[in-house]
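Have a look at it first, then we'll walk through the contacts.

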Amino acid sequence: MLSCRELVRHSSEYVEGELTGWSKWSLKLHLFICRRCSRYVRHLRTTIDALAMLGRGQTEPSREFMARMQQRYRDWAVAHDQPGS
Amino acid sequence: MTTNQQTAEEKQLIARLLARDDAAFEQVVREYYPSMYAVAAAIIGHALADEVVQEAWFSVLGALPRFEGRSKLKSWIIRIVANEAKSRLRKESRSVSLEAINESWATDPRFAPAGHWHTPLPNWESDTPADLLAAEQLRDCLKMRMAELPDNQKTILNLRDMSGLEMAEICNILEVSSSNARVLLHRARDKMLRVIDKFQRLGEC
């Protein structure tokens, strides 16, 4: 029987659906009878979703960055219009 | 959305970019910025990430007429930014180590020697991500603890969970084995889970 420690160790692979065959079934079976591990896996999923949510709000380009990009895009477009330059 | 629709959309986008469409360029730069920044910052650090993203965009524009559409546009762009960051890193003659440190589960105090829970997690009062993150203190705490992770764990957590890249893509970009990447990712997630858990129990970071 799989130990709780082993289950926790492989729980990311489990929630990502990367386990197959016996590994997957032994985890499923363990989770079916172990409330503590079920709770860990539930909290793991919540953690992953929270990180994704945190990630969505994290980075926006600064105004200076966008201004530089726009300028360089225009320069690039001009250079592109005149072959050989 | 089907793959075909995506391809048609991408074709249209590429055509607009090549036709010097300012608005299309601004839109796509903004849309891809978080992922591109994450990849660049993961490889070369925050100080130079913006510069690397900018250079990558000009490599992208230069190569765009030859883009054959064998991969998705975004994956292709991510690879370009990764290469740009890596070549910059070589110029700076620094290197990153992505070896998994052997932090042992065997001595993890949460488990009894036989492998069952010694200190199981309690239920969390807030059980949805939105509820959890409503607490500004927890958001700050997560960011702070994330910054303290070993570089290799931070990089993979950032690319996988914060930026949503596929594992295969991440292994490719960072040139790590998938088993190594999985170990690092799970270590980092487990630590973040414990940060949330402590906050839930004690209301502190």
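Which side chain meets B:Lys86 in a salt bridge? The partner is B:Glu175, at 3.2 Å from N to O. A salt bridge here means a side-chain nitrogen of Lys or Arg within 4 Å of a carboxyl oxygen of Asp or Glu.

Some ground rules: this is a predicted model, so to speak of local features takes pLDDT of at least 70 and side-chain atom pairs count only at pLDDT 80 or more, while totals for chains, interfaces and linings use all residues. Residues are numbered from 1 along each chain as its sequence is written, chains are lettered from A and ligands numbered from 1 in the order in which they are written, and side-chain values use heavy atoms, with hydrogens and water left out.

**Where chain A meets chain B**

- On the chain A side 45 residues are in contact with 61 residues of chain B, contact being heavy atoms within 4.5 Å.
- Together the two chains bury about 4,900 Å², with 62% of that on carbon and sulfur atoms; buried area is the accessible area (1.4 Å probe) that two parts lose on being put together, summed over both.
- A:Arg5, A:Leu54 and A:Tyr73 supply 16% of what chain A buries against chain B, more than any other three residues.
- The rule turns up 22 residue pairs in polar contact across this interface, both residues at pLDDT 80 or more. A polar contact is a pair of N or O atoms within 3.5 Å; within protein, one must be able to donate a hydrogen and the other to accept it, and residues adjacent in sequence count only if both atoms are side-chain atoms.
- Four helices of chain A each give two or more residues to the side touching chain B: H1 (4-9), H2 (11-15), H4 (35-56) and H5 (63-81). Helices are DSSP runs (H or I, at least four residues), numbered from the N terminus.
- H4(A) brings the largest share of that side, 18 residues.
- By residue type, the chain A side splits into 18 nonpolar, 12 polar and 15 charged. Ala, Val, Leu, Ile, Met, Phe, Trp, Tyr, Cys and Pro count as nonpolar, Asp, Glu, Lys and Arg as charged, and the others, Gly among them, as polar.

**Salt bridges**

- The whole structure has 17 salt bridges over all chains, and 6 are found across the interface of chain A and chain B.
- B:Arg189 and A:Glu16 pair up at 2.5 Å, N to O. This pair crosses between chains, from helix H9 (residues 178-202) of chain B to the loop between H2 and helix H3 (21-33) of chain A.

**Inside chain B**

- Chain B is assigned domain 1 (3-91) and domain 2 (99-205), with bounds from an automatic or database domain assignment.
- Their C-alpha centres lie 29 Å apart, and the contact takes 10 residues from each of the two domains.
- The two domains bury about 770 Å² between them, 66% of it on carbon and sulfur atoms.
- B:Ala38, B:Ala42 and B:Lys86 lose the most area on the domain 1 side, together 42% of what that side buries.
- Across this interface the rule finds 1 salt bridge and 2 residue pairs in polar contact.
- Helices H2 (22-44) and H4 (73-91) of chain B each supply at least two residues of the domain 1 side, and H2(B) gives the most, with 6 residues.
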